[in-house]
Amino acid sequence: QVQLVESGGGLVQAGGSLRLSCAASGRTFSRYAMGWFRQAPGKEREFLTGITWSGLSTYYVDSVKGRFTISRDNAKNTVYLQMNSLKPEDTAVYYCNYIDYVIRRPLYDDWGQGTQVTVSS
């Protein structure tokens with residue numbers, strides 16, 4: 001059983017903040033790194049940020065660096081994405097997944113439902 005459930009999205013004005021949550025499960029995927037992705041209408045899904053199982057290392061793409069912060073609570077099997085200084089171009093459906101931290105690619109083929117983030121200008 002592998003399950004990914006994203007939540008916390010919503011409508012926010014430019015410059016505002018949101019905190020996304022991702023509840024992950026699956027015994028065979030324990031102790032794997034996690035990451036966040038997003039997909040805007042008409043665009044391909046893109047990788048945003050990743051975090052190792054221990055939480056000691058993180059990685060961000062340039063477009064979100066300094067604005068977004070990834071964290072995790074292993075006791076709750078949950079990964080978070082704190083998003084500050086949001087821009088209209090951040091509007092997308094946000095997804096989480098297990099990742100290979102070095103290669104920055106997802107490991108689980110069956111994506112969750114995602115959570116919609118809409119930033120108005």
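This report describes the nonpolar core, the disulfide and the strand pairing of one predicted model.

The model is predicted, so local features require pLDDT of at least 70 and side-chain atom pairs count only at pLDDT 80 or more, while totals for chains, interfaces and linings use all residues. Residues are numbered from 1 along each chain as its sequence is written, and side-chain values use heavy atoms, with hydrogens and water left out.

**Nonpolar core**

The largest nonpolar core has 32 residues; such a core is a set of buried Ala, Val, Leu, Ile, Met, Phe, Trp, Tyr and Cys residues joined through side-chain atoms within 4.5 Å. Here buried means under 20% relative accessible area, exposed over 50%, and partly exposed in between, with a 1.4 Å probe and protein chains only. The residues with the most contacts inside this core are Leu4, Met34, Trp36, Leu81, Met83 and Tyr94. Several strands each supply at least two residues of the core, among them strand 4 (33-39), strand 8 (78-83) and strand 9 (92-100). Strand 9 gives the most, with five residues. Strands (E, at least two residues) are DSSP runs numbered from the N terminus.

Contact means heavy atoms within 4.5 Å. Leaving aside neighbours within four places in sequence, the contacts of Met83 include Leu18, Leu20, Phe68, Tyr94 and Val117.

**Disulfide**

A disulfide is counted when two cysteine sulfur atoms lie within 2.5 Å, and the count by this rule is one. Cys22 is joined to Cys96, with an S to S distance of 1.8 Å. Cys22 belongs to strand 3 and Cys96 to strand 9, so that the pair links distant parts of the chain, 74 residues apart. The link is right-handed, with 60° about the S-S bond. Both cysteines, Cys22 and Cys96, are buried.

**Pairing of strand 3**

Two strands pair if DSSP finds at least two bridges between them.

| Strand 1 (residues 3-7) | antiparallel | five | Glu6 |

**Thr115**

Thr115 is found in strand 11 and is buried, with a relative accessible area of 9%. A polar atom of the Thr115 side chain lies 2.9 Å from the backbone nitrogen of Gly9. Beyond its neighbours within four places in sequence, Thr115 is in contact with residues including Glu6, Gly9, Leu20 and Tyr94.

Definitions and conventions
Helices (H or I, at least four residues) and strands (E, at least two) are DSSP runs, numbered from the N terminus. A polar contact is a pair of N or O atoms within 3.5 Å; within protein, one must be able to donate a hydrogen and the other to accept it, and residues adjacent in sequence count only if both atoms are side-chain atoms.
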